[in-house]
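Subject: Structure for your review

Dear colleague,

Please find the structure below, together with its sequence. My findings follow it, arranged by topic.

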Amino acid sequence: MALAFDEYGRPFIILREQEKKSRLRGLDAQKANVAAGKAVARILRTSLGPKGMDKMLQSPDGDVTITNDGATILEQMDVDNQIAKLMVELSRSQDYEIGDGTTGVVVMAGALLEQAEKLLERGIHPIRIAEGYELASRIAFDHLEHISQKFEFTATNIEPLVQTCMTTLSSKIVHRCKRALAEIAVKAVLAVADLERKDVNLDLIKVEGKVGGKLEDTELVYGIIVDKDMSHPQMPKMIEDAKIAILTCPFEPPKPKTKHKVDIDTVEKFQLLREQEQKYFDEMVQKCKDVGATLVICQWGFDDEANHLLMHRNLPAVRWVGGVELELIAIATGGRIVPRFQELSPEKLGKAGLVREKSFGTTKDRMLYIEKCANSRAVTIFIRGGNKMMIEETKRSLHDALCVARNLIRNNSIVYGGGSAEISCSVAVEAAADRYPGVEQYAIRSFADALDAIPLALAENSGLLPIDTLTAVKSQQVKESNPYCGIDCNDVGTNDMKEQDVFETLIGKQQQILLSTQVVKMILKIDDVISPSEF
Amino acid sequence: MVDRLLKDDAIQEKGERARMASFIGAMAIADLVKTTLGPKGMDKILQSTGRGRSVTVTNDGATILKSLHIDNPAAKVLVDISKVQDDEVGDGTTSVVVLAGELLREAEKLVNMKIHPMTIIAGFRMAAECARNALLLKAMDNKEDSDKFRSDLMNIAMTTLSSKILSQDKEYFADLAVDAVLRLKGSTNLEAIQILKKPGGSLKDSFLDEGFILDKKIGLGQPKRIENAKILVANTAMDTDKVKIYGARVRVDSMAKVAEIEAAEKQKMRKKVQKIIGHGINCFINRQLIYNFPEELFADAGILAIEHADFEGIERLALVTGGDIASTFDNPESVKLGHCKVIEEIMIGEDRLIHFSGVQMGQACTIVLRGASEHVLDEAERSLHDALCVLSQTVNDTRVLHGGGWPEMVMAKEVDELARKTPGKKSHAIEAFSRALQAIPTIIADNAGLDSADLISQLRAEHHKEQSTAGIDVISGGVGDMKELGISESFKVKQAVLLSATEAVEMILRVDEIVTCAPRRREDRM
């Protein structure tokens, strides 16, 4: 480590506990950072595309996750390197913004870093590289806009949407029934979509899973499923035209927030208190009954006595329902969440056409279905599958598919997949590079090379000869000036992604390019890494 | 050189190594339970690490795997599918793991032949679909004919039990299980079947009781036998009722006051008891404790009071007697009471139990298991549970298959056919699938000490004929007619085995990298 010395040869102390910190500066720092970023990208590279492989991750507690969703892999990997953490952030932000393409964005960033390394070795200043990348990303961004197509769908014609979701699902393990799942995802999104405002609130779609059965048994329920059962085993298992009181107060005597004591020192007081208590329970139940509720859903527990009274008055009840679920139920049934018994009123009740309890398998698992709600704008996707990991992975895949469908409703522009968009951008950026004088030209050209990394990885994962395939497709694109040629991963026989119906959303692709460029710029700008060294 | 990406102690395995690690882990698990497969399968002893080092003897795959502490992530996948199989259909927990293991063994060979895992998966998928269709085609359905259906059920129960400890008396127990399940009349609610274990006697002394037996004693001085009982099932505190209003406490300043309050408490209890008696009952069953004082009051009124039935017991009682579970007693007219013809005390071995017969819900019954030791009883219970699960599932899905390796051979034949028709590398995978299917009868034969190579080839030849019903007859050690021998299996179980094994293998094959995070450090309690 470089140290500064005063005129007597004693070192200046600049950082606290300077000797204990390791420090990396200049080109070394940049190289180390680039290497770390590349290492992360290399891990995800094999997961890209329809023939991508999965990763098995074991958490600190020994739970196993199998997935090929980039964001999930990186999140679970528990990385320690600072730059690697940036890459994790990158895929996470893609996940939050778009929901899909989390693997692609990291692979893209890795490729950009790889190219940057070569330029650094030539002695080009990192900032110039960053600027060149920025210019190139603009070009690519605009070019994507240019090659994108509007694509029409209506609430009745959902076929195009289903096709897009199928592209997303084809890279996942649920490949086997991607058609059914894609349809479920699209229907779910359309059910909650606000086509006027072009917005979709994904919170209204609940994804619930239960082990057992087959993947094919996965279903879309127009309503809510709660993993709870009736509080009393003898309550009715099915309620039609339910009026639901949604409560966040327990069926228990009140607990005032201020500290207090009730002293009992005479027999009269003892009896009085006892009567009071009974009256209290009675009143609570009566209130629910009075407003006309036929089902009580409560966030808290019930006392045994209250439970029996509810049962007695023929008022089925569900207890310990989580806050999020409670909100969903309130939205779906059009009811209001009531925090106090005094505030219950008939108009605050939610309505559902059918509430039923359904049991599964040989164990005592039961779930509560709330269907035919007043406001059908909340739906549940209920996933079945052979084992826990399968369900988790299906949940993640469906989440991706839902996001894609939502993005399409927000903005119905699409680009074609299979690497065709990247190849086309690469051609465009390459062509544009010559127009820029200066060092940036090199960086722009490198950017074009980096764009090739995604189709290369696709071809490699599909067992094709990467370079042969890529060059063939590229020359085809230029020759036929057809920007829709891509890598034929599934051996269908045609390169034209338009014929194969492989789409991706325009905003997803644009976001990928922007985000990865930003992160690479950030990494390139770092020239000093100071970290406390290990003991 | 790149700095470490991951935290210390984290392990990252890639490509071939990762695949090897998961293959080896999964196959090790499959080999572990392999020897328990089939009627001549052996048992395992499991010793827990907990206090007491309690010992379990079992050959139930799910039980064995559940108690293992496994570190290999791929092995965990297999444990998981076995668990799900147990929850869903109750039986076939060993078969599913063994099939998955065999599939992986075949897949490993293919990977070594440089076939890409994705191609293998595609082949396996096609093969699984084809095998399922073959099963669907061959499944028999005797739903219409109740006599035949009953004999189907008997056969299934006997086949399931024959690999368990109960195999000596399998006919007897199969009969018990079928009776119990048929009483349920189609519901899969196994709660109504109570299994009671009492050490002593021999397994043969086990019996099915039509009523309900509660492992409790009748309070002192209370009637030992009640006819036409009216039962109130309750969940209420019968000690002192706590005041539930928050912050209440009793504060007294003299001994006299203490006595007063005590008297008031007693008075309150007396009132409560009177209210309960006011329901016009002659039997009172409570989930919670009943103190001496109320017990005495009940005895005085000639009411049978039973305390401390556990929660499941209470629910089941309420279910079978058709009464409500009550917690307040102010409106006697609206509480539904439970009914049964006779309540009496009976003796099983040394213990006195309470027997409810002639209960309202005819579906309920109790199976009393007798046996030489706790271990035997535990294993017997597990075996019986398996049989009951399978039967109740079969009642719902009445399709039946032959056993003894017959379904595997049928599937293998169809899958082989498919392999011949399929061009491309996939056909290797399809062929491998068929080999893995044939491994199951091979293992059954091996476990029985038979010459598996000879038997399987005979079996295959036999199956080349149309409509063959040949399978392995472990008893005589040759190829036998499964139809005549009456060895049957439930279609649902076989289908679940096939599908979940394929699914699990697919998951494991798709992995090309394993990242194991640093284990969470446990704080030393020492």
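How many salt bridges does a search of the whole structure find over all chains? The search finds 46. Please note that this is a predicted model.

**Chain A as a whole**

Chain A has 535 residues, of which 57% are buried. Its secondary structure consists of 17 helices and 20 strands. Along the principal axes, the C-alpha atoms of the chain fill a box of roughly 95 × 75 × 45 Å. Of the contacts in chain A with a separation of 6 or more, 73% are between residues 24 or more positions apart.

**Interface of chain A and chain B**

The two chains bury about 7300 Å² between them, and 57% of this area is on carbon and sulfur atoms. Chain A contributes 80 residues to the contact and chain B contributes 81 residues. Two salt bridges are found across the interface, including the one between Arg510(B) and Asp54(A), with an N to O distance of 3.1 Å. Eight residue pairs are in polar contact across the interface. On the side of chain A that touches chain B, helix 8 (residues 267-290) gives the most, with eight residues. The residues on that side of chain A comprise 30 nonpolar, 27 polar and 23 charged.

Strand pairing also links the chains: strand 2 (residues 54-58) of chain A runs parallel to strand 20 (residues 511-516) of chain B, with five bridges. Within this pairing, Gln58(A) has Thr516(B) as its bridge partner.

**Individual buried residues in chain A**

Asn461(A) belongs to helix 14 (residues 453-461) of chain A. Why is Asn461(A) counted as buried? Its relative accessible area is 10%, and the cut-off for buried is under 20%. The side chain of Asn461(A) has a polar atom 2.8 Å from the backbone oxygen of Leu48(A), and it reaches the backbone oxygen of Thr46(A) at 3.5 Å. Leaving aside neighbours within four places in sequence, the contacts of Asn461(A) include Arg45(A), Lys51(A) and Gly52(A), as well as His116(B) in the other chain.

Ala332(A) is located in helix 10 (residues 323-333) of chain A. This residue is buried, because its relative accessibility is 0%. Ala332(A) and Asn375(A) are 43 residues apart in sequence, yet their C-alpha atoms are 5.0 Å apart. With neighbours within four places in sequence left aside, Ala332(A) is in contact with Asn375(A), and also with Ile224(A), Cys373(A), Ala374(A) and Ala378(A).

Val291(A) sits in the loop between helix 8 and strand 12 (295-298) of chain A. Val291(A) is buried, with a relative accessible area of 13%. Apart from neighbours within four places in sequence, Val291(A) is in contact with Leu344(A), Ser345(A), Pro346(A) and Leu349(A). The C-alpha atoms of Val291(A) and Lys178(A) are 46 Å apart, at a separation of 113 residues along the chain.

**Salt bridges within the chains**

In chain A, Glu75(A) and Arg92(A) form a salt bridge with their closest N and O atoms 3.1 Å apart. The pair links distant parts of the chain, with Glu75(A) in helix 2 (residues 70-77), Arg92(A) in helix 3 (residues 82-97), and 17 residues of separation. Glu75(A) is partly exposed at a relative accessible area of 43%, and Arg92(A) is partly exposed at 23%.

Lys509(A) and Glu504(A) also form a salt bridge, at 2.9 Å from N to O. Here Lys509(A) counts as buried at 6% relative accessibility, whereas Glu504(A) is partly exposed at 24%.

In chain B, the side chains of Arg420(B) and Glu417(B) form a salt bridge at 3.6 Å, N to O. These two residues are separated by about one helical turn, because they are three residues apart in helix 12 (residues 406-421) of chain B. Arg420(B) is exposed, with 63% relative accessibility, and Glu417(B) is partly exposed at 33%. Elsewhere in chain B, a network of salt bridges links Asp31(B), Lys34(B), Glu102(B) and Arg105(B).

**A hairpin in chain B**

Strand 17 (residues 470-473) and strand 18 (residues 478-481) of chain B run antiparallel and are joined by four bridges. Gly471(B) has Gly480(B) as its bridge partner. The two strands form a hairpin with four residues between them, and Gly477(B) in the turn has a positive phi of about 80°.

Yours sincerely

How values were computed:
Residues numbered from 1 in each chain as written. Chains lettered and ligands numbered in written order. Predicted model: local features only at pLDDT ≥ 70, side-chain atom pairs only at ≥ 80, totals over all residues. Heavy atoms only, no water. Contact = heavy atoms within 4.5 Å. Buried area = accessible area lost by both parts, 1.4 Å probe. Salt bridge = Lys/Arg side-chain N within 4 Å of Asp/Glu carboxyl O. Polar contact = N/O pair within 3.5 Å; in protein donor to acceptor, adjacent residues only side chain to side chain. Nonpolar A, V, L, I, M, F, W, Y, C, P; charged D, E, K, R; others polar. Pairing = 2+ DSSP bridges. Buried < 20%, exposed > 50% of the residue type's maximum accessible area, 1.4 Å probe, protein only.
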